[in-house]
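Colleague: I'm new to this one. Could you take me on a close look at a single part and tell me what surrounds it?

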Amino acid sequence: MIELSVVIPTYNRRELLSHTLNALAEQTLPSDSFEVIIIDDGGCDDSEAIVQSFSKKLNVKYFWQEDKGFRAGKARNVGTAIAEGKYVVYLDTGVLLATGALEEHLFRHKVSTHPIAIVGYVYGFDLDEEGVKKMESVISPNNVDAILRELDKQGMHDIRQSQYDDLGQNISDWPAPFDLFWTCHVSAEREELIKAGMFDERFNSWGGEDVDLGVRLFRNNNMFIVDKSMASFHWPHPKEVKDTSDSSKSAAELIHSKYNIWQTSYYNLDHEINDLPLNKLIKVMKTSPNYPMADNSLYTAKRKASPDTTVEA
């Protein structure tokens with residue numbers, strides 16, 4: 001019986017897609033317990049042939065949608081709509097899972113008495129040029145667990161590790177855990193995803209559609225968790241968008257305009273003060289007398305306006 005569905009959007013990334021599928025074929029979770037749904041966002045390479053080459057190892061489905069620009073949100077919505085599993089894992093093409101990752105995702109969802117949104121741990125995401133060269137010297141499509149141990153040893157951690165170090169591993173207590181909901185590697189209950197409205201397809205450039213969905217899961221009282229046992233690594237590759245700053249800022253503005261909660265109001269500052277991540281920015285603004293608004297006036301106003309959104313960090 002299929003209990004878990006893995007949804008992967010792709011676009012002209014045949015080699016990376018093969019690496020991702022190879023790691024899925026090595027999962028400790030029995031192959032009849034999960035399905036893999038590939039949504040091709042209008043690509044023109046032979047990704048379909050790559051998918052079909054794994055048909056004897058995986059329960060895999062391939063769908064192609066017309067190329068109308070960047071439509072990763074649409075692709076994930078299609079995958080979620082047809083998913084048979086009670087739980088959905090979203091992966092990006094080029095993310096390779098530890099062999100026990102899917103088994104752990106399923107276990108954590110099944111034992112939880114409350115709906116949860118799981119943030120997977122992703123080694124090597126968004127490295128600089130030097131980091132990419134270092135990582136490329138140790139990675140391969142095989143022996144993912146051994147590679148993950150080496151990446152950990154060399155300190156090529158998840159880019160969010162500094163936040164975990166500063167704010168703690170219990171991200172459900174953070175002021176804005178939804179800011180970590182990056183669909184390179186996350187999971188949630190399918191019913192909760194549908195109840196939240198799935199991905200907003202108005203996000204048609206790089207970034208934002210995943211965090212936006214995270215906000216709605218958060219407001220629907222999903223508990224966010226992170227655990228390094230659900231590990232993966234991100235195979236370095238050129239970004240589809242070279243300069244993501246403008247796209248990220250536009251996405252942040254749209255998110256705040258939609259929800260107007262005190263947490264998202266800080267997105268207006270996120271690109272102005274040392275590029276701090278949202279949760280660390282909130283921490284700085286609440287504790288440092290050296291920044292404007294250190295009197296917490298914005299925080300207090302937003303908290304009073306939305307008293308049920310979260311507990312204070």
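Modeller: Strand 2 and strand 3 (residues 60-64) run parallel as a pair, joined over 5 bridges; two strands count as paired if DSSP finds at least two bridges between them. Helices (H or I, at least four residues) and strands (E, at least two) are DSSP runs, numbered from the N terminus. Isoleucine 39 has phenylalanine 63 as its bridge partner in strand 3. Getting from strand 2 to strand 3, the chain goes through helix 2 (residues 47-52), a right-handed β-α-β crossover. Right-handed means that, with the strands pointing away from the viewer, the path from the first strand over the helix to the second runs clockwise.

Before going on: this is a predicted model, where local features need pLDDT of at least 70, side-chain atom pairs count only at pLDDT 80 or more, and totals for chains, interfaces and linings use all residues. Residues are numbered from 1 along each chain as its sequence is written, and side-chain values use heavy atoms, leaving out hydrogens and water.

Strand 2 also pairs with strand 1 (residues 4-10), again in the parallel sense, over 7 bridges. The link from strand 1 to strand 2 passes through helix 1 (residues 14-25), and this β-α-β crossover is right-handed.

How covered is strand 2 (residues 34-40)? Mostly: 7 of its 7 residues are buried, meaning under 20% relative accessible area with a 1.4 Å probe, protein chains only (exposed is over 50%, partly exposed in between). In a regular strand, side chains alternate between the two faces of the sheet. Here Phe34, Val36, Ile38 and Asp40 point one way, while Glu35, Ile37 and Ile39 point the other. Valine 36 sits opposite valine 6.
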